[in-house]
Amino acid sequence: MRPYDFSPLYRSAIGFDRLAQLFDEAQRGEAQPSYPPYNIELVSENKYRITMAVAGFDRSEIEIESERDTLKITGRKAREEGTRNFLHRGIASRNFEHSFQLADHVYVVGAKLDNGLLNIELAREIPEALKPRKIAIDAAADNVQTLKAA
């Protein structure tokens, strides 16, 4: 794969260093693990849900960690006592680690394990200071007033 140079974008985009970092990470081509299978659902305008199929895992064997813009889900199976003789083994019970990059102002609200499905609820909460606002244009150049959010 040919590497791309994003430096021309820096001339007109201010403060988008994180966007360039995401492009660089995507270009590396590191394959995301496909186990366990998962869905990402848009529940409402600012609410999301990640659903992972973690059949065979107990609550104590799953860790969910959120740090800054990364959500990491880890599953570590406890060692079984003795050996079992399977005629067919179709349910995977291997350890896993899966990371998701979260957008700015997206937070983990809660998690629930039900019937082998791990549901992680996420919400986007934009601070008041970052919401769009209208700015009044006054006759005097040195007297700028801000209005309430539209």
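What share of the contacts in the chain between residues at least 6 apart in sequence join residues at least 24 apart? The share is 48%, where contact means heavy atoms within 4.5 Å.

## Basis of the model

This is a predicted model, in which local features need pLDDT of at least 70 and side-chain atom pairs count only at pLDDT 80 or more, while totals for chains, interfaces and linings use all residues. Residues are numbered from 1 along each chain as its sequence is written, and side-chain values use heavy atoms, with hydrogens and water left out.

## Overall composition

Helices (H or I, at least four residues) and strands (E, at least two) are DSSP runs, numbered from the N terminus.

Of the 150 residues in the chain, 17% are buried, where buried means under 20% relative accessible area, exposed means over 50%, and partly exposed lies in between (1.4 Å probe, protein chains only). The chain exposes about 12,100 Å², of which carbon and sulfur atoms supply 51%; accessible areas come from the Shrake-Rupley method with a 1.4 Å probe, and for residues only the protein chains shown count as cover.

## The open sheet

Four strands form an open sheet in the order S1-S2-S7-S6, and the pairing is antiparallel; two strands pair if DSSP finds at least two bridges between them. The edge strands are S1 (38-44) and S6, each of which pairs on one side only. From one strand to the next, the twist averages 20 degrees, with axes taken as lines fitted to C-alpha atoms (for helices over the stretch in contact) and angles running from 0 to 180 degrees between N-to-C directions.

S2 and S7 pair in the antiparallel sense over seven bridges; Ala-53 has Leu-117 of S7 as its bridge partner, and Ile-50 has Ile-120 of S7. S6 and S7 pair, also in the antiparallel sense, over eight bridges, with Gly-110 standing opposite Glu-121 in S7. S6 and S7 form a hairpin with two residues between them, and Asn-115 in the turn has a positive phi of about 55 degrees.

## The nonpolar core

The largest nonpolar core has 16 residues, and those with the most contacts inside it are Val-54, Leu-71, Ile-73 and Leu-118. Such a core is a set of buried Ala, Val, Leu, Ile, Met, Phe, Trp, Tyr and Cys residues joined through side-chain atoms within 4.5 Å. At least two residues of this core come from each of S2 (47-53), S4 (70-75), S5 (96-101), S6 (106-114) and S7 (117-124), and the largest share, three residues, comes from S7.

Leaving aside its neighbours within four places in sequence, Val-54 is in contact with Pro-36, Ile-62, Phe-96, Leu-113, Gly-116 and Leu-118.

Thr-51 lies in strand S2 and Asn-119 in strand S7. Thr-51 counts as buried because its relative accessibility is 14%, and Asn-119 is likewise buried, with a relative accessible area of 16%.

A polar contact of 2.8 Å joins the side chains of Asn-119 and Thr-51; the term denotes a pair of N or O atoms within 3.5 Å, where within protein one must be able to donate a hydrogen and the other to accept it, and residues adjacent in sequence count only if both atoms are side-chain atoms. Not counting residues up to four places away in sequence, Thr-51 touches residues including Pro-37, Tyr-38 and Asn-39, whereas the contacts of Asn-119, with its neighbours within four places left aside, include Gly-110, Ala-111 and Lys-112.
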